[in-house]
Amino acid sequence: MPDQALPYDSFLLVSFGGPEGPEDVMPFLENVLRGKNVPRERMLEVAEHYNSFGGVSPINQQNRDLLAAIKAEFEANGIDLPVYWGNRNWHPLFPDTLRQMKADGCKRTIAFFTSMFSCYSGCRQYRENIIAAQQEVGEGAPMVEKVRMGFNHPDFINTMADSVRKSLAGLGAEPGAATVLFTAHSIPMGMADNCDYVKQLNEASRLVAQAAGIDKWRLVYQSRSGPPQQPWLEPDVCDTIAAMDDAADNPQHLVIVPIGFVSDHMEVLYDLDDEAATLCRERGIAMSRAATPGTSAGFVSMIRKLVEERIGRREQRDAAGDLGPWHDACPADCCLYTPRRPPARA
Ligand SMILES: C=CC1=C(C)c2cc3[nH]c(cc4nc(cc5[nH]c(cc1n2)c(C)c5CCC(=O)O)C(CCC(=O)O)=C4C)c(C)c3C=C
Ligand SMILES: [Fe+2]
Ligand SMILES: [Fe+2]
């Protein structure tokens, strides 16, 4: 339990990590897929995606840039917290970061996870990883508490609506004349059944579409990694584009919005900018992929405001739409993963 008597003394950016050279690719993927039911062929296919970019994922540099932007935002707003960064799957790994924080005298930290929507991967698994890292560091490891999920924060919604408007302008399309596909990482139904991932994604997509004046939109999924017999969230973004073949459904202008991702990492660059873009070109659809939040001012101000709420500097808990501000502390059963076993053979 958090010791309420201690003041927050630090900020931790919690993220996924990515390889920084060809020799990192396989050990990174082994970390990502440990305990997950993903066929080896899929792992090798994803390794090729990374290798086609020289084995370097852009995610680490994006997190370095985000951390620098958060530091500047804190300084500009009088928040006196040193900032740290740790990852689940690649360096800097959580145990190393927590060890450094302990050495620097940190006792209670407020964390932002680079996942805007609740599910095992983006919530519970990070919390489990941090507990394991605290145990590894031992006595004196800092306590870590996370800010609430920001999927319906007005600054996030407005940031994504701006991205959609920029894409529309790039296509020379009026909002009413374009189809928008909001896309997020597909997850196994055994994860989706135990969390509010789909509910939150639908709400954020609805709010962004409304703010950008979009009537025609759908929520789709990408980057599925499970074996064919395991049910994952559908429809897939590329299947959806491929099915847009009759005159009524064939959009002149298509905007793909990676609402489920906060930066342009490999799943965005490969699965959308390469695969989905190729499919659109083949079908004569003018497509623009909307920008992810990255280090945009609205996204960084959202992180600052969520931190301010928790460190007692802000009473207002901003939330757009119908779901209200999400919980600060996760309930005991939050975002469990109960893999659905295939039916036993007779
Ligand atoms: C069982 C679920 C998932 C599998 C298997 C999976 C494989 C997989 N993922 C990546 C790379 C990334 N995934 C990212 C985000 C992400 N992944 C899942 C689920 C599975 N991924 C979810 C639900 C999410 C969104 C929530 C989150 O955790 O962020 C990201 C982005 C991370 C970020 O901080 O922005 C990357 C990168 C690989 C390479 C992979 C292997 C096949
Ligand atoms: Fe993933
Ligand atoms: Fe959760």
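## Terms and model

Helices are DSSP runs of H or I with at least four residues, and strands are runs of E with at least two, numbered from the N terminus. This is a predicted model, in which local features need pLDDT of at least 70 and side-chain atom pairs count only at pLDDT 80 or more, while totals for chains, interfaces and linings use all residues. Residues are numbered from 1 along each chain as its sequence is written, and chains are lettered from A and ligands numbered from 1 in the order in which they are written.

## Ligand shell

Ligand 1 is surrounded by 27 residues, where a residue counts as near if its C-beta atom, placed from the backbone, lies within 6 Å of the molecule. The closest are Phe 16, Thr 114, Ser 115, Ser 121 and Gly 122. Two or more residues of this shell come from each of α1 (25-33), α2, α5 and α10 (266-282). With three residues, α1 gives the most.

The shell around ligand 1 comprises 13 nonpolar, 11 polar and three charged residues. In this classification Ala, Val, Leu, Ile, Met, Phe, Trp, Tyr, Cys and Pro are nonpolar, Asp, Glu, Lys and Arg are charged, and the others, Gly among them, are polar. Because domain 1 (10-150 + 297-310) and domain 2 (154-289) both give residues to the shell, ligand 1 lies between them.

## Domain interface

The bounds of the two domains come from an automatic or database domain assignment. Taken over C-alpha atoms, the centres of domain 1 and domain 2 are 25 Å apart. Their contact takes 26 residues from domain 1 and 23 residues from domain 2; two residues are in contact if their C-beta atoms, placed from the backbone, lie within 7 Å.

On the side of domain 1 that touches domain 2, α2 (40-51), α3 (59-76), α5 (120-137) and α11 (297-310) each supply at least two residues. The largest share, five residues, comes from α11. This side of domain 1 divides into 13 nonpolar, 11 polar and two charged residues.

## Packing of α4 against α5

Helix α4 (residues 94-103) packs against α5 at an angle of about 55°, with the axes 9 Å apart. Axes are lines fitted to C-alpha atoms, for helices over the stretch in contact, and angles run from 0 to 180 degrees between N-to-C directions. The two helices, α4 and α5, are therefore oblique to each other; angles under 35 degrees count as roughly parallel, over 145 as roughly antiparallel, 65 to 115 as roughly perpendicular and the rest as oblique.

The contact involves Phe 94, Pro 95, Leu 98, Arg 99 and Lys 102 of α4, and Asn 129, Ile 130, Ala 133, Gln 134, Glu 136 and Val 137 of α5. By class, the residues of this contact are six nonpolar, two polar and three charged.
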